[in-house]
Amino acid sequence: MAAAPHSAAIARILRGLGLTQGKGRDFRVTGDYRNGERIGTFVVVLTRHADEVIADHADEIERLSADSGWPFRVSVRYHKGERPMATVANYGGRIREEPPARAEADEPAPMAAEAAPVEPERQETDERPAIVPAALQWLWADDHSAPVCSPLRDMIRSSECDKYGRPTRAAFQRIAAELNALPAEPAALAQLWADDHSAPVCSPLRDMIRGDECDGDGNPIPAAFERIAAEVRALAFPVADRPRALPPAEPVAGEAPAPNPFDRAAERMLHQEQAKALGWSTGQADMVAAAAAGQLYRDFGAVLRVVPVPGHPGWVTSMHRLGPLVEAGFLAIGEPDATGRRAVRVTVDGRQALTVWKRWRPQPVAKTHNQEVERIRPLLGGQQARRLAERAREEERQRRQGQTEFWKAMQALHAWEVREDRMWAAWAKVHGIRFRFSRRTAGWVPTAEEIAEHQLDDDFPPDVHLAVYGPGRFPDPHPFGEHGYLFTLPGAWPDDTPAHTNPADSEMAVYLTGDDGGAWEVRDVNGARRVWATAGSRREAIGLAFLEIARKRRIQAAQIAAKREVAGLNPDGPPYAVETTNSVTLVIAPGAIAVLQRIDAAADTPARYHVLDVDGGDPYVIREDDSVKLHTVTTGVLHHACGHDPRDAARFETESAALIYAQHGLWWHWPCDQLPTT
């Protein structure tokens with residue numbers, strides 16, 4: 001059973017904050033029932049970490065839920081301590097209590113007589129204080145989604161987390177040791193990277209460098225080292241000197257505005273979707289990580305080798321994973337060096353993919369050897385995905401252009417074939433030729449005497465306009481050819497049948513059959529899809545179909561006449577007919593009455609009626625309004641045993657039925673023998 005939309009909305013927002021959903025995890029979403037009726041939906045918070053995250057992002061959760069169309073209210077309470085207790089529900093009230101530490105900090109402190117002396121251990125010196133593992137652990141437990149924890153999120157490894165995804169103490173000890181080994185200046189970091197970025201001391205740099213902070217060759221830009229140095233210095237302050245929550249700073253003129261929480265949430269959700277869409281196996285993720293660390297090389301002879309320590313041979317790894325990763329834009333093979341060895345570097349997309357893989361730790365996909373050779377999806381929203389989309393759009397544009405040019409050529413060829421068929425038929429009739437494969441004399445044109453003598457203009461059935469169709473015109477399964485022509489069969493064909501027996505116009509298809517490519521077949525589209533004719537040429541097949549249909553309709557007309565005669569009715573058809581001869585729509589406005597010519601409709605503005613005065617004159621426009629009315633006036637003729645046989649008319653057996661129809665369906669009508677003279 002699918003989750004309710006409001007439950008899915010709040011769960012998606014909380015997962016975007018890094019929380020996990022389900023039994024034994026951070027939260028669950030359920031309903032509150034009274035007397036068997038659901039009165040609302042609320043979130044069951046299961047861990048202390050979830051309480052703290054929800055309390056710190058309460059306003060953001062309310063804004064995001066309101067934007068999704070399913071607003072929720074977040075209440076935060078503090079009971080016997082600083083630990084918050086969060087409640088998220090779409091019903092009931094909303095309570096926001098201040099934490100005890102913040103309430104005490106808000107009380108005014110007495111003014112000191114003179115400034116307190118600065119303690120020697122708190123004075124800033126050129127030497128950076130050491131990063132303490134306990135401080136890192138406290139920061140992660142306080143709010144692991146805070147900006148200060150960005151290095152921790154990048155450096156924590158999945159193997160150093162417990163079954164609930166929480167980092168162990170050993171993880172913070174390793175991170176503190178690696179960060180203490182780094183210099184605190186951007187220039188020193190850049191020099192360290194340039195000397196040997198595959199060295200063990202550069203492990204934090206490889207984890208913290210982001211995909212959008214690299215140039216086209218995958219090398220970090222100076223801004224990346226400046227950001228890393230600032231984040232490392234921020235982690236070096238003792239825990240006691242770091243406030244739990246800072247008040248919002250006033251905006252300063254000339255400075256960039258504070259980041260929008262909606263942008264942070266959207267970026268977080270994008271990174272989650274990117275991590276889910278990667279679909280890497282453990283081996284593929286390890287290969288990208290080795291390339292990002294500068295440890296992956298392809299030796300001469302197509303041998304892929306991982307070299308963690310420069311100068312050592314390393315070990316050989318399987319080559320089959322490299323191709324799909326390069327094709328997806330995660331890795332790139334560099335130029336050969338003096339020894340013929342090529343370095344496998346990570347691209348901008350690859351570094352960003354590795355960052356979100358480490359940050360969100362999706363479940364690796366179990367793949368066999370053959371599955372790892374298959375294509376993998378590029379980074380969602382990455383450079384390779386944009387390049388492939390642009391290439392696909394260009395190929396689609398070229399395909400459509402080629403298709404348009406092809407059908408234009410087919411239309412020209414069709415017109416030439418029709419012209420040649422008509423000229424050959426006229427030439428064959430004038431010269432009495434019956435053999436179809438005889439060639440017409442080049443440049444022959446019938447004279448006026450030959451046209452009159454052989455009645456060339458009236459020899460063929462009604463003029464047929466052919467329209468080309470292609471694959472996809474008819475849903476499968478269908479008996480028609482993939483390519484062919486469509487034409488309309490008039491309901492008034494043939495001319496010698498009574499009008500009351502004529503059916504509606506029908507659509508026909510003519511195409512080459514699949515059995516032998518030299519036979520043309522004519523089949524109706526709207527009816528029973530029966531075959532009406534088969535011939536060696538398209539023109540001959542259409543002509544035979546017209547003759548067969550004319551024969552069938554004459555037989556049907558004769559059967560209808562015989563049945564009417566047996567029933568005691570006029571065999572020639574119903575004696576009364578009401579023919580609609582003209583109709584006009586009037587636009588009636590408070591200041592004018594005019595004849596409607598056309599309507600220009602718009603989605604967000606009133607319609608415009610283009611009209612003419614009843615007495616003529618220049619056209620003008622009347623805008624749609626509540627006071628403007630449209631009235632259609634229809635006139636017609638009542639026929640009765642007058643010798644006329646109108647094609648489009650309503651027919652009746654009795655005069656009373658014809659008069660009722662004329663009085664209600666027409667604004668005005670005249671008997672056929674009393675038409676007004678003009």
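Predicted model: local features only at pLDDT ≥ 70, side-chain atom pairs only at ≥ 80, totals over all residues.
Residues are numbered from 1 along each chain as its sequence is written, and side-chain values use heavy atoms, with hydrogens and water left out. Arginine 397 and glutamate 394 are three residues apart in helix α16 (residues 383-431), and are therefore separated by about one helical turn; helices are DSSP runs of H or I with at least four residues, strands are runs of E with at least two, and both are numbered from the N terminus.

Arginine 397 is partly exposed, with a relative accessible area of 44%, and glutamate 394 also counts as partly exposed, at 30%. On this scale buried means under 20% relative accessible area, exposed over 50%, and partly exposed in between, computed with a 1.4 Å probe on protein chains only.

## Other salt bridges

The structure holds 22 salt bridges. One of them joins arginine 48 to glutamate 52, with the closest N and O atoms 3.1 Å apart; both residues lie in helix α2 (residues 48-56), four residues apart, about one turn of the helix, and glutamate 52 is buried, with a relative accessible area of 8%.

Another links glutamate 231 with arginine 227, again with closest N and O atoms 3.1 Å apart. Glutamate 231 and arginine 227 both lie in helix α10 (residues 222-235), four residues apart, and both are buried.

## The second largest cavity

A search of the whole structure finds two cavities of 30 Å³ or more, a cavity being a set of points on a 1 Å grid over the protein atoms alone where a 1.4 Å probe fits but cannot get out. The second largest cavity holds about 30 Å³ of space, and a volume is the space filled by probe spheres set on the points, which are joined across faces, edges and corners.

Its lining, made up of residues with an atom within 4 Å of a point, consists of Arg206, Asp207, Arg351, Leu354, Thr355 and Lys358. The elements that give two or more residues to this lining are α9 (203-208) and α14 (348-360), and α14 supplies the largest share, four residues.

## The chain as a whole

The protein chain has 19 helices and 21 strands, and of its 678 residues, 37% count as buried.

Definitions and conventions. 1 Å grid on protein atoms, 1.4 Å probe; cavity = no way out; pocket = protein on both sides within 12 Å on 5 of 7 lines; lining within 4 Å. Salt bridge = Lys/Arg side-chain N within 4 Å of Asp/Glu carboxyl O.
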